[in-house]
Amino acid sequence: ALEKIREVFMSEAGKTKQKIKVWFSDYLNISDTVAIITFFIGFGLRFGASHNSFNKDKDYIFIAGRIMYCLNIIFWYVRLMDFLNVNQQAGPYVLMIGKMVSAQETFILLLTVDILLL
């Protein structure tokens, strides 16, 4: 997270507002920011949950933290797919996987909402 903040302030744009605007113009920077924020939210929920060994099913804050971690891994997989795109042998396969996932994003969104409402 600190490296991303350093990237924003070390960019070539003049004012701070313009630096942030230029930095957020890239899709991967937005994805990284959301991934970092959801990680800290999930960490806070899991850390703040009461750990009763007898009531694991009723500890909704702990479960919400685990769900945030599960949603967070999606953003890190997108980042990993970006790194694998550069590889000459794995690159075409990663592109095919990316196209298949983007074709099913409405299904994934509905599944995510359904999981959150349980």
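A search of the whole structure finds one salt bridge, a term that here means a side-chain nitrogen of Lys or Arg within 4 Å of a carboxyl oxygen of Asp or Glu. Side chains of opposite charge can pair when their charged atoms come close. The partners are Arg79 and Asp32, whose side chains meet at 3.4 Å, N to O. Arg79 belongs to helix α4 and Asp32 to helix α3, so the pair ties together parts that are 47 residues apart in sequence. Are these two residues buried or exposed? Both Arg79 and Asp32 are buried, where buried means under 20% relative accessible area, exposed over 50%, and partly exposed in between, with a 1.4 Å probe and protein chains only.

Before I continue, a word on the source. This is a predicted model, in which local features need pLDDT of at least 70, side-chain atom pairs count only at pLDDT 80 or more, and totals for chains, interfaces and linings use all residues. Residues are numbered from 1 along each chain as its sequence is written, and side-chain values use heavy atoms, with hydrogens and water left out.

Let me turn to the overall fold. The protein has six helices and zero strands; helices (H or I, at least four residues) and strands (E, at least two) are DSSP runs, numbered from the N terminus. Of its 118 residues, 19% count as buried. Among contacts (heavy atoms within 4.5 Å) with a separation of 6 or more, 42% join residues 24 or more positions apart.

Next, the largest pocket. Its volume is about 740 Å³, and 22 residues line it. Which residues lie nearest its centre? They are Tyr27, Ile74, Val78, Val101 and Ile108. Two or more lining residues come from each of α3 (27–48), α4, α5 (91–103) and α6 (105–117). Helix α4 gives the largest share, seven residues. A pocket is an open set of points on a 1 Å grid over the protein atoms alone, where a 1.4 Å probe fits, with protein on both sides within 12 Å along at least five of seven lines; lining residues have an atom within 4 Å of a point. Points are joined across faces, edges and corners, and the volume is the space filled by probe spheres set on them.

Finally, I come to Ile73. This residue lies in helix α4, residues 60–84, and is partly exposed, with a relative accessible area of 38%.
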